[in-house]
Amino acid sequence: MNNMHNVWAKRFEHYIGEVMKYMRFVFTGHIAIVLVFIIGAGGYQYSEWLKVVQPDFPAEWLIAIVIGVLVTFSRPVTLLKQPDQVYLLPLESQMKSYFKKAMNWTFWSQLLLPTVLFIVSIPLLKEVTELSVAEIWSVVVFIIVLKYLNVRSEFYYRYVSRGHSIALDRIVRIAVSILAIQSFLTDGLFGAVFLVMLAYYAFTLNKKMINQPVPYEHFISLEQNRMMSFYRFANYFTDVPHLKGSIKRRAWLDVLYKGISFKKENTQAYLVYRTFVRTDDHFYLWVRLTVIAAIVAMFITIPFVTWIVVAAMAFATTLQLKYALMSAGEFRMDMLYPIPRETRKQAVAKLLRLLAFIQAVLVMLSAIMQPQFYIIPVVILVVSEITLRMSK
């Protein structure tokens, strides 16, 4: 058992080190400033909305649905690796203590978000319900217990079913979790009935685990996908060396190439445009940052805050795409041809200006109902151009 504790401790230490290595590039100074403005503006608008919210607003159902879905998705963090299905096989009888550590970390690492969201919703509950302070805070304890049971249930189900039909399991637990929270908010202890149902479900699955072999392949695949998702996210902020982006055809974007005439001097323009369109990392980076800017511009009614956020998104878009498209660490066939090096830089600049223009139009259209929305495209285009010229 001590061996498994040591194995988990070493892997957990390596995992935390790996996460922190990349997270320091994610939460940089300008991102922190943007988050402060977003949280501040969001808090201000939330407080203003609470002043006019109707007494019949279905706060219980809204909170139950959001929190219920969050606590249900409890994908286990096992930190298992590919060689484990061979090297840990002789220690399979001791894996129970290893998985106990894994479930504990899964629980604590995933508890923060639903708890914080419920705490944020407390002012809403005070406005539209008659719940006392003690009753409201008892819901926090209820959510903690509900999350604990969902973590156990999902792990046990994956262990027993080898990962098959996980969607069906989640649909059932989502329904139970939503009804549990809604019932506890409206009928008090009646919500505990659903906790008992979920606890019995977890107990039944745990009994089925007895004498079953460890599903190494499923848990290893799950862990690899989880870490790959993290690396893709980190790759938007810094270069992740061992990450290989996928390529897709995207024939519906072939129209972008039609403006490039068939000439020798346009060789790099064609390659750069096609690289952006077909590479998932580049394409989805632009899409996500544009969507974030559009959502902020749509819902925040404070022009100054909106300008800061869209400026930060324009800066991040231009800087990261320029770095990605100009990177020439690998060999490319165009290096064999007598094409001046500066043509690639010119092609990248042309593409980035086009993307900045499209981004500016989309964000402006999203904010068309907000005051001074016409300044947003100016901010995006100016920041993008300055970033393009000033960055190396």
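User: Is Thr317 buried or exposed?

Analyst: This is a predicted model, so the values that follow are computed from predicted coordinates. Burial is read from relative accessible area, with buried meaning under 20%; Thr317 has 5% relative accessibility and therefore counts as buried. Thr317 is found in helix H12, which covers residues 303–326, and, once its neighbours within four places in sequence are left aside, Thr317 is in contact with Trp286, Leu289 and Gln359.

User: Where does Met23 lie, and how far is its C-alpha atom from that of Gln359?

Analyst: Met23 belongs to helix H1, residues 2–26, and its C-alpha atom is separated by 26 Å from that of Gln359, a residue 336 places away along the chain. Met23 also counts as buried, because its relative accessibility is 19% and the cut-off for buried is under 20%.

User: How many salt bridges does the structure hold, and what is the general idea behind them?

Analyst: Side chains of opposite charge can pair when their charged atoms come close. The structure holds 10 salt bridges, and one of them joins Glu48 to Lys51, with the closest N and O atoms 3.1 Å apart. Glu48 counts as partly exposed at 32% relative accessibility, whereas Lys51, with a relative accessible area of 63%, is exposed.

User: Which helix holds both Arg226 and Glu223, and are these residues buried or exposed?

Analyst: Arg226 and Glu223 both lie in helix H9, residues 216–235, where they are 3 residues apart, about one turn of the helix. Their side chains meet in a salt bridge at 2.4 Å, taken from N to O. Arg226 is buried with a relative accessible area of 12%, and Glu223 is likewise buried, at 5% relative accessibility.

User: What does the salt bridge between Glu385 and Arg353 tie together?

Analyst: In this pair the side chains of Glu385 and Arg353 meet at 2.9 Å, N to O. As for accessibility, Arg353 counts as partly exposed, at 38%.

User: Which residues are linked in a network of salt bridges?

Analyst: The network of salt bridges links Glu154, Arg158, Asp169, Arg170 and Arg173.

Terms used:
Residues are numbered from 1 along each chain as its sequence is written. This is a predicted model: local features need pLDDT of at least 70, side-chain atom pairs count only at pLDDT 80 or more; totals for chains, interfaces and linings use all residues. Side-chain values use heavy atoms; hydrogens and water are left out. Helices (H or I, at least four residues) and strands (E, at least two) are DSSP runs, numbered from the N terminus. Buried means under 20% relative accessible area, exposed over 50%, partly exposed in between (1.4 Å probe, protein chains only). Contact means heavy atoms within 4.5 Å. A salt bridge is a side-chain nitrogen of Lys or Arg within 4 Å of a carboxyl oxygen of Asp or Glu.
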